Amino acid sequence: MTHLIQLLRELRDPSNYFFNLYSAPVLFTFFAIMSLGLFVLVKERQSSVKWSFFSMTAAIGFWLFSFGWMYASANEVTAYRWAKMSYLTVPLIPAATYFFTIKVLRIYEKNRSRAKAFFAASALFSLWIVGTPTVIEGLYQHSWGYYPRYSLWSLVYLSYFFGVMIMSLRHFFVEYGKAQTQT
């Protein structure tokens with residue numbers, strides 16, 4: 001617990017950051033997407049889709065928030081911590097997208113176990129990426145800020161990420177085809 005308190009203290013220290021025009025659009029997008037997610041959550045009280053939409057916007061929002069602060073980091077240690085922190089939720093993006101897809105298409109009951117499996121796999125990927133140096137080997141320093149340096153192991157995660165996203169897209173195509181044949 002002491003380590004976590006120290007980490008949060010370091011991340012809040014203004015001397016670890018500098019004004020970076022490149023981080024501003026990312027942080028603005030974070031605020032926009034979180035506002036949209038919260039708006040839908042509050043406005044759509046009776047909707048069964050609102051929580052799936054919010055989970056998707058929250059996962060994407062936290063990724064943008066973390067990357068925005070990583071770009072604004074004045075040193076590699078702070079940037080590396082933000083890079084790692086972003087992967088608390090980045091692996092949740094495909095699972096949350098899939099969850100939203102099956103809720104909005106009203107095929108949740110048929111795909112519930114797959115959605116749960118994707119959330120479990122996402123949690124394992126998150127633990128793997130955040131808890132080990134296997135996927136993020138370090139950072140590149142660019143003129144616009146720091147960016148993670150990924151190992152070849154990241155291809156395992158990317159296969160999962162894009163595989164689930166393609167499955168989500170496929171559900172839309174299948175349901176669209178069904179709707180076309182019904183009319």
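Guide: An angle between two axes counts as roughly parallel under 35 degrees, roughly antiparallel over 145, roughly perpendicular from 65 to 115, and oblique in the rest of the range. The axes are lines fitted to C-alpha atoms, for helices over the stretch in contact, and the angle runs from 0 to 180 degrees between N-to-C directions. Helices (H or I, at least four residues) and strands (E, at least two) are DSSP runs, numbered from the N terminus.

The model is predicted, so local features need pLDDT of at least 70 and side-chain atom pairs count only at pLDDT 80 or more, while totals for chains, interfaces and linings use all residues. Residues are numbered from 1 along each chain as its sequence is written, and side-chain values use heavy atoms, with hydrogens and water left out.

The part to look at is the pair α5 and α6. Helix α5 covers residues 92–104 and helix α6 covers residues 108–131. They pack at an angle of about 170 degrees, and their axes are 9 Å apart. The two helices are therefore roughly antiparallel to each other.

Contact means heavy atoms within 4.5 Å. On the α5 side, the residues that meet α6 are Leu92, Ala95, Ala96, Tyr98, Phe99, Ile102 and Lys103. On the α6 side, they meet Tyr108, Asn111, Arg114, Ala115, Phe118, Phe119 and Ser122.

The loop between α5 and α6 contains Arg106. Most residues other than glycine have a negative phi. Arg106 is not a glycine, yet its phi is positive, at about 60 degrees. A residue is buried under 20% relative accessible area, exposed over 50%, and partly exposed in between (1.4 Å probe, protein chains only). Arg106 has a relative accessible area of 77%, so it is exposed.

Side chains of opposite charge can pair when their charged atoms come close. A salt bridge is a side-chain nitrogen of Lys or Arg within 4 Å of a carboxyl oxygen of Asp or Glu. Arg112 and Glu109 form one, with their closest N and O atoms 2.2 Å apart. About one helical turn separates Arg112 from Glu109, because they are three residues apart in α6. Glu109 is exposed, at 55% relative accessibility, whereas Arg112 is partly exposed, at 33%.

The structure holds three salt bridges. Another one joins Arg81 and Glu10, whose closest N and O atoms are 1.9 Å apart. Arg81 is partly exposed at 26% relative accessibility, and Glu10 is partly exposed at 25%.

Glu175 and Lys178 also meet in a salt bridge, at 3.3 Å from N to O. Being three residues apart in helix α7, Glu175 and Lys178 are separated by about one helical turn. Glu175 counts as buried at 19% relative accessibility, while Lys178 is partly exposed at 36%.

Helix α7 spans residues 154–182 and contains Leu155. Leu155 is partly exposed, with a relative accessible area of 48%. Patches are made of residues with over 30% relative accessible area and no salt bridge: like charges are joined within 9 Å, nonpolar side chains (Val, Leu, Ile, Met, Phe, Trp, Tyr) within 5 Å. Leu155 belongs to a nonpolar surface patch with Leu152, Leu158, Phe162 and Ile166, and together they have about 540 Å² of accessible area. Accessible areas come from the Shrake-Rupley method with a 1.4 Å probe; for residues, only the protein chains shown count as cover.

Trp63 lies in helix α3 (residues 50–71) and is partly exposed, at 31% relative accessibility. Apart from neighbours within four places in sequence, Trp63 is in contact with Ser86, Thr89, Val90 and Ile93.

Last comes the whole chain. Seven helices and two strands make up its elements, in the order α-α-α-α-α-α-β-β-α from the N terminus. The C-alpha trace spans about 60 × 40 × 35 Å along its principal axes. Of the 183 residues, 43% are buried. Among contacts with a separation of 6 or more, 71% are between residues 24 or more positions apart. The accessible surface of the chain is about 10,900 Å², and 68% of it belongs to carbon and sulfur atoms.
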